[in-house]
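Below are some notes for a colleague who is opening this structure for the first time. Please keep the sequence and the 3D view side by side while reading.

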Amino acid sequence: PLDLVTELHIAGVSEYSDLQGPWIAPVEPTDEMLELAAWAFERMPKVRGVTFDAFSTILQPGTIPRTVERIRRRLSLE
């Protein structure tokens with residue numbers, strides 16, 4: 001249940017051929033992913049942390065700060 005969640009992870013997604021479906025990718029999250037994150041975030045009264053899961057060495061320069069800013073704006077964390 002979302003009322004027990006204390007940490008929200010947000011990531012970019014792309015198709016992954018080995019799994020034949022979507023999986024975490026080294027890209028920015030889409031607007032739709034941020035909308036889903038915002039919907040969930042609004043229902044998490046105990047949330048204490050929000051992260052951008054960017055665990056790849058092939059991210060383009062500027063992706064992390066740009067994405068963190070987009071997340072902050074969408075979740076109204078500024």
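1. Ser 76 is a place to begin; this residue sits in the segment after H2, where helices (H or I, at least four residues) and strands (E, at least two) are DSSP runs numbered from the N terminus. Its relative accessibility is 61%, so Ser 76 counts as exposed; buried means under 20% relative accessible area, exposed over 50%, and partly exposed in between (1.4 Å probe, protein chains only). Ser 76 has a positive phi of about 55° although it is not a glycine. Most residues other than glycine have a negative phi. In sequence Ser 76 and Ala 38 are 38 residues apart, while their C-alpha atoms are 9.0 Å apart in space.

2. A word on the basis of these notes. The model is predicted, so local features need pLDDT of at least 70 and side-chain atom pairs count only at pLDDT 80 or more, whereas totals for chains, interfaces and linings use all residues. Residues are numbered from 1 along each chain as its sequence is written, and side-chain values use heavy atoms, with hydrogens and water left out.

3. The overall layout comes next. The chain has 2 helices and 4 strands, in the order β-β-β-α-β-α along the sequence. Its C-alpha atoms fill a box of roughly 35 × 30 × 20 Å, taken along the principal axes. Of the 78 residues in the chain, 28% are buried. Among contacts (heavy atoms within 4.5 Å) between residues at least 6 apart in sequence, 66% join residues at least 24 apart.

4. Which residues of helix H1 are buried? In H1 (residues 31-41) they are Leu 34, Ala 37, Ala 38, Ala 40 and Phe 41. Seen down the axis of H1, these buried residues fall within an arc of 165°, so they line one face of the helix; the arc is that of the directions from the helix axis to the C-beta atoms. An α-helix has 3.6 residues a turn, so residues three or four places apart point the same way. Glu 32 and Leu 36, on the other side of H1, are exposed. The buried residues of H1 pack against strand E1 (7-10), E4 and H2.

5. The largest nonpolar core has 12 residues: Leu 8, Ile 10, Leu 34, Ala 37, Ala 38, Ala 40, Phe 41, Met 44, Val 47, Phe 52, Ile 71 and Leu 75. Such a core is a set of buried Ala, Val, Leu, Ile, Met, Phe, Trp, Tyr and Cys residues joined through side-chain atoms within 4.5 Å. E1 and H1 each supply at least two residues of this core, and H1 gives the most, with 5 residues. In soluble globular proteins, nonpolar side chains tend to be buried together. Leaving aside residues up to four places away in sequence, Phe 41 touches Leu 8, Val 47, Val 50, Leu 75 and Leu 77.

6. Thr 67 belongs to helix H2. Is this residue buried or exposed? Thr 67 is buried, because its relative accessible area is 0%. Not counting residues up to four places away in sequence, Thr 67 touches Glu 28, Pro 29 and Phe 52.

7. The surface also deserves a look. The chain exposes about 5,500 Å², and carbon and sulfur atoms supply 56% of it; accessible areas come from the Shrake-Rupley method with a 1.4 Å probe, and for residues only the protein chains shown count as cover. Tyr 16, Leu 19, Trp 23, Ile 24 and Phe 55 form a nonpolar patch on the surface, with about 550 Å² of accessible area together. Patch residues have over 30% relative accessible area and no salt bridge, with nonpolar side chains (Val, Leu, Ile, Met, Phe, Trp, Tyr) joined within 5 Å and like charges within 9 Å; a salt bridge is a side-chain nitrogen of Lys or Arg within 4 Å of a carboxyl oxygen of Asp or Glu. One of the patch residues, Ile 24, lies in strand E3 (residues 21-25) and is partly exposed, with a relative accessible area of 33%.

8. Two loop residues remain. Gln 20, in the loop between strand E2 (12-16) and E3, has a positive phi near 55° and is not a glycine; at 74% relative accessibility, Gln 20 counts as exposed. Ser 56 is in the loop between strand E4 (49-52) and helix H2 (63-74), and its 25% relative accessibility makes Ser 56 partly exposed.
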